[in-house]
Amino acid sequence: MQRRQLLRLAGAGMLSWNVPFALAGQTQRPKVIWVLLRGGMDSLHCVLPLADDDLMRQREGIVAGVADKALPLEQGFALHPAMDNMYKLYGQGELIPIVATGSGAETRSHFRAQDFIECGLPELNHDSGWLNRAVVAHQGEGLAIAHSIPVSLRGDLLAKTWFPDSLPPAEDDLYARLQGLYQDDTLLHDRLMDGLETRDKLGDMKSSKASQRFTSLADSCARLMVQADGPDCAMLEMGGWDTHNNAQFRLNRQFSELDAGIARMKRLLGTQWNNTVVMVASEFGRTVAENGTKGSDHGTGGAMFLAGGAVQGGRVMGDWPGLAKSNQFEGRDLRPTTDVRAWMAATLHQHWQLSESQLQNVFPGISPVDARLIKRV
C-alpha cells in the first residue's frame, strides 16, 4: 500500500483544512449554514396550511391525527408537532417558514432537481455551485459535511470536507509512526496534523452509525464553525425524505431529527448563533393528494426555512396559491409562487452584504425578494 493511500485510510473522517485554524475563541463573522433535504420533503405535512379546507379533503389519511396537535403559526398555518425546537425559534423571532417555493427545476427527478438547486444557474454546471460562488464573493472559506465535495461547494474555492468515518479508531501509536514517516513530505505531514487537530476539536468522535445521523453531523458542524478561524459557511445534507408510503410515521421521525439538529446548532454555536443564518430547503415538494399507500409522490412546490439569531423571524412568508384543484400546478402539485434562489439572494445581500453584481454571479437572472430577512442590515 502506498503511503498516500495509508494516510487516506488512517485519516478518514478527519477534516482536510487548507489553512489550520486556531484552537480557541469564537469569531463573530456572519455565518451561513446550508441544509439540503434530499428526497423531496413533504412541505404540506411540515408547514400545514390548516386554514385551507382542501388540505383535509385531499390528504385526510396523512393529516388526520396530526392536525389537532400541530403548532400554530400565523395566517392559518401550523408547524408539525415534532418540530417543537423550531417552534420555539419561531416564537423567539429566529425562524421564518417560507411557503410555496420552487427551485426553478422543471423536473420531478431527484438527482436532476438536486443538482439544479445546488448549482443555482439557469443551465446545470456540476463544477460550479451557488454557495461556492457566494463565499468567493464574500472572501471567506467553506466547509462540506459530506464524504466528497457536493455540487453546492464546487468551484474556484477549494472547500474543506469532513465526515465521520466507519472504520475502527486508529491507535495513537499509528499517528506517531505516520508523523515520522511524513517528516520529509510537507503536504502529507501538514494534512495529517490538520486531521489530528480536527479530531481533538471534535473530542475524538467514535465511529458509529449514530455519528453519521443529521443530529450528530449538525453538532460537529457547529463545533467546527465556532473555531477562531473556522469556515464562513457550511453545507449539510439529510436524506430520507422520499415518503411514497407510510408518510405520517416516517415524517414524524424525519422532522424530529431535523428539529434536534437545528437545536444542537444553536446550543453549540453559542453567541455565534446571533450572527448565523441557517437555510433549509429540499429539491422539490410532494403531490397535494395522498397516494394509495398513505404517502405522496414527487411534486413541485415546497417550503423552505430561514433560521438563526440573525434572522428577522416570527413570520410566515411566501404567497400561498391555495390547494384547490384549479390552483394546482399541472393539476397535482402545490404551485410555487417564489423561487428559493430569490430568498437565498436576499439573504446573501443582507447578511453578507453581497452587491447586485455579485448576486447576479451567484444566481444569474434572479432578483432578490423585496423583504427584510436579516435583523442587522
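This is a predicted model: local features need pLDDT of at least 70, side-chain atom pairs count only at pLDDT 80 or more; totals for chains, interfaces and linings use all residues.
The largest cavity holds about 80 Å³ of space. Its lining is made up of 14 residues, and those closest to the centre are Thr101, Ser282, Phe284, Gly302 and Ala303.

Strands β5 (95–102), β9 (276–282) and β10 (302–307) each contribute at least two residues to the lining of the largest cavity. Sorted by class, that lining has eight polar, five nonpolar and one charged residues.

## Aromatic pairs

Five aromatic pairs are found in a search of the whole structure. In one of them, the ring centres of tyrosine 87 and tyrosine 90 are 6.4 Å apart and the ring planes lie at 10°; because planes under 30 degrees apart count as stacked, this pair is stacked. Both tyrosines belong to helix α4 (residues 84–91), where they are three residues apart and therefore separated by about one helical turn.

Tyrosine 87 has 25% relative accessibility and counts as partly exposed, whereas tyrosine 90, at 11%, counts as buried. Elsewhere, Trp34, Trp130 and Phe363 are linked into a cluster by ring pairs.

## Helix α9

Helix α9 (residues 214–225) has twelve residues, so at 1.5 Å a residue it should span 16 Å; the C-alpha atoms at its ends are 16 Å apart, in agreement with that value.

Eleven of the twelve residues of α9 are buried, which leaves the helix mostly covered. Among the buried residues are Phe214, Leu217, Asp219, Cys221, Leu224 and Met225.

Notes: Residues are numbered from 1 along each chain as its sequence is written. Side-chain values use heavy atoms; hydrogens and water are left out. Rings of Phe, Tyr and Trp (its six-membered ring) pair if their centres lie within 6.5 Å; planes under 30 degrees apart count as stacked, over 60 as edge-to-face and the rest as tilted. Helices (H or I, at least four residues) and strands (E, at least two) are DSSP runs, numbered from the N terminus. Buried means under 20% relative accessible area, exposed over 50%, partly exposed in between (1.4 Å probe, protein chains only). The expected span of a helix is 1.5 Å times one less than its number of residues. On a 1 Å grid over the protein atoms alone, a cavity is a set of points where a 1.4 Å probe fits but cannot get out, and a pocket is an open set with protein on both sides within 12 Å along at least five of seven lines; lining residues have an atom within 4 Å of a point. Grid points are joined across faces, edges and corners, and a volume is the space filled by probe spheres set on the points. Ala, Val, Leu, Ile, Met, Phe, Trp, Tyr, Cys and Pro count as nonpolar, Asp, Glu, Lys and Arg as charged, and the others, Gly among them, as polar.
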